[in-house]
Structure formats: structure tokens, C-alpha cells
Amino acid sequence: VIIPDIGIFTARGKSVEELEAAIKTSGVKKYRDFKVEVTVTKLRSVNVFVFGEVNSPGLYSMSPNSSILSAFYKAGGIKENASLRKIRILRNGKTIEADLYDHLLYGNKASEIKLSEGDTIFVPPTTNTVTVLGAVLRPAIYEVRGKETVKDLIEMAGGSKTSAYTLEIRVKRVSEKGKEIVATSEI
């Protein structure tokens, strides 16, 4: 943005409020009672590549305000075996890893990453999954990372129902040799 007698301002990557503040800071140095109002009239679209475990991989033109979830929608959704916790965004030679569980399970939008021109989104297949069944609010298959505990899994599943007997939780595992191992745990 070029404003004669005040300066040149970069709008890319800034919110409307940040741009207004930058212009106002320079403007009040030159003019008394300087006021500015910034309005966005047209956004340029960004091209984003979406690959991996999505239904229709390819290049998509997106709004610059779009997030990873918008890209998944354009790509026809994700496949059943897609990882939601190890998504990689390749941007300017750097890799950003995204874990969408915070957003999808808890509504935390802080984990949303806005897309930029030339981003490549790669969705790998999931590796470690756990099926949570029984007296929980959201029985489902969950992807686990790191050192998540039984308590963490029950929280992902929305917590236990009031009818749940939480003094004994059964954990079934299948060994590398295919043998079923049953253990009990407490929350």
C-alpha cells in the first residue's frame, strides 16, 4: 500500500487492524488529527497443493483466509486411514506440523494454520490407533502420539458416562505375535 507523503506499507501477513495501526503511526508524525480506515475489497486467491491420504489430491485455488480444513473440503475430504495428528505443511522450504485434534475434539482454533501461496499440505497415513469402546461419550478409533495415557484417551472420547465404572478399565492389546493381552487400569 502506497500513501503519498506517508510511506509504503506491506499488507501481506498483517491483519486489517495491524495495517491500520502501522499507517496511523506514520501518519500522525506528518499530520495532526490523522485518521485512517482500511477496508479489504478483494482478496487474491492462493494456490495450495494437497497430497497424501485425501480423496482428490491436487492443486487448489483457495481464499488466503482458508485453513487446512478448507483445503480438505476442496480435496473431497480425507481417507479413513488419514492421520489428523501428523499433517505436514511445506512452506518456503520449512515444514510445519499440524495436529488437528485440539481443533476437532476441543474446538481450539489456535491450532488452525492459515494457508499461504504455494503451500503443500501432505496428509500421511495414520500409524498408531486405539479403539475406545464402552461407557464413553464418543466411542471411536483415536490416533495416539507420544506418551498418551488411558486417561488422555478417555478425555479424547469426551469423558466417561455417569454410568461408567471407572475403578477398573480394561485395556486389550495385540502383541507383535498376534496374541491378545488384557490388562486393567484405573483413571
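**Asking why: rings and salt bridges**

Visitor: Why is Y31 called partly exposed?

Guide: Y31 has a relative accessible area of 36%. Buried means under 20%, exposed over 50%, and partly exposed in between (1.4 Å probe, protein chains only), so Y31 is partly exposed. This is a predicted model, where local features need pLDDT of at least 70, side-chain atom pairs count only at pLDDT 80 or more, and totals for chains, interfaces and linings use all residues. Residues are numbered from 1 along each chain as its sequence is written, and side-chain values use heavy atoms, leaving out hydrogens and water.

Visitor: What makes F34 count as buried?

Guide: Its relative accessibility is 15%, and the limit for buried is under 20%.

Visitor: How many aromatic pairs are there, and why is Y31 with F34 called stacked?

Guide: There are 2 aromatic pairs. Rings of Phe, Tyr and Trp (its six-membered ring) pair if their centres lie within 6.5 Å; planes under 30 degrees apart count as stacked, over 60 as edge-to-face and the rest as tilted. The Y31 and F34 centres are 6.4 Å apart with planes at 20°, so the pair is stacked. F49 and F51 are stacked too, at 6.1 Å centre to centre and 10° between the planes.

Visitor: How do you know that E148 and R85 form a salt bridge?

Guide: A salt bridge needs a side-chain nitrogen of Lys or Arg within 4 Å of a carboxyl oxygen of Asp or Glu. For E148 and R85, the N to O distance is 2.9 Å, so the pair meets that limit.

Visitor: What makes R145 and D99 a salt bridge?

Guide: Their closest N and O atoms are 3.8 Å apart, again within 4 Å. Salt bridges with shared partners join R85, E97, D99, R145 and E148 into one network.
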